[in-house]
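I wanted the overall layout to come before the details.

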Amino acid sequence: MPTDVRGVLTVERWRLAGANVIAARGDLDPGSVRRLRWSIDSVAPGSGPLILDLSGVGVLGPVGVAALLETARRARAFRIDFRLVCSAEVDQVLDQVGVRDEFAVFDSRTAALAHAE
């Protein structure tokens, strides 16, 4: 009997070099997006840059794209420096749906941490 693995996403959060780092691995879809949103919402304004590392995400569905756009909007409203690290697959989805320019995109966590506004 097939097993439904939708919604499998692990999320870790920590502080590194003055930044709030959230790393997700798995599929960002309707079954898992709440877990990511909860972690993002726990970042306090004024607590440093937010680096969202999606380099371990293989599937980014429409709900995931919407969550990223909402995160970018809220970050701007609260003046949080939001930096996105993504896999080639996620980068391709963002480009295909025409929203890649909404984000400061980096190919590695190291590059995102090194970026100075």
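My entries below go from the whole chain to single residues.

**Ground rules**

I am working with a predicted model, in which local features need pLDDT of at least 70, side-chain atom pairs count only at pLDDT 80 or more, and totals for chains, interfaces and linings use all residues. I count residues from 1 along each chain as its sequence is written, and side-chain values use heavy atoms, with hydrogens and water left out.

**Layout**

I looked up the secondary structure and found four helices and five strands in the chain. Going along the sequence, I noted the pattern β-β-α-β-α-β-α-β-α.

**Overall size**

I checked the extent of the C-alpha trace, and along its principal axes it spans about 50 × 25 × 25 Å. How does the radius of gyration fit a compact globule? A globule of 117 residues would have one near 13 Å, and the chain has 14 Å, which agrees. That radius is taken over C-alpha atoms, and the globule rule is 2.2 Å times the number of residues to the power 0.38.

**Surface and burial**

I read off an accessible surface of about 6,600 Å² for the chain, with 53% of it belonging to carbon and sulfur atoms. The areas come from the Shrake-Rupley method with a 1.4 Å probe, and for residues only the protein chains shown count as cover. Buried residues make up 39% of the 117 in the chain. My cut-offs are under 20% relative accessible area for buried and over 50% for exposed, with partly exposed in between (1.4 Å probe, protein chains only).

I also looked at contacts, meaning heavy atoms within 4.5 Å. Among those between residues at least 6 apart in sequence, 62% join residues at least 24 apart.

**Cores**

Which residues touch the most other members of the largest nonpolar core? I found Leu52 and Leu54, out of 26 residues in that core. The β2 (19–28), β3 (50–60) and β4 (82–86) strands each supply at least two of its residues, and so do the helices α1 (33–41), α2 (62–77) and α3 (88–96). Apart from this core lies another, of six residues, including Ala19, Ile51, Val85 and Ala112. For me a nonpolar core is a set of buried Ala, Val, Leu, Ile, Met, Phe, Trp, Tyr and Cys residues joined through side-chain atoms within 4.5 Å.

I followed Leu54 on its own. Not counting residues up to four places away in sequence, Leu54 touches Ala24, Leu68, Leu84, Val85, Cys86, Ser87 and Val90.

Ala19 sits in strand β2 and counts as buried at 2% relative accessibility. Beyond four places in sequence, Ala19 touches Trp14, Pro49, Ile51 and Leu113. I also noted that Ala19 and Gly48 are 29 residues apart in sequence, with 5.1 Å between their C-alpha atoms.

Is Asp53 buried or exposed? Asp53 is buried, with a relative accessible area of 3%, and it lies in strand β3. With neighbours within four places left aside, I listed Ile22, Ala23, Ala24, Val85 and Arg109 as its contacts.

Val105 is in strand β5 (residues 104–106). Leaving out neighbours within four places, Val105 is in contact with Leu84, Cys86, Asp91 and Arg100. Val105 and Asp53 are 52 residues apart in sequence and 9.9 Å apart C-alpha to C-alpha.

Ala75 belongs to helix α2, and I found it buried at a relative accessible area of 5%. Not counting residues up to four places away, Ala75 touches Ile80 and Phe82.

**Positive phi in two loops**

Where does Ala17 lie? I found Ala17 in the loop between β1 (9–16) and β2. Ala17 has a positive phi of about 50 degrees although it is not a glycine, and at 75% relative accessibility it counts as exposed.

Arg79 lies in the loop between α2 and β4. Its phi is near 55 degrees, a positive value in a residue other than glycine. Arg79 is exposed too, with a relative accessible area of 79%.
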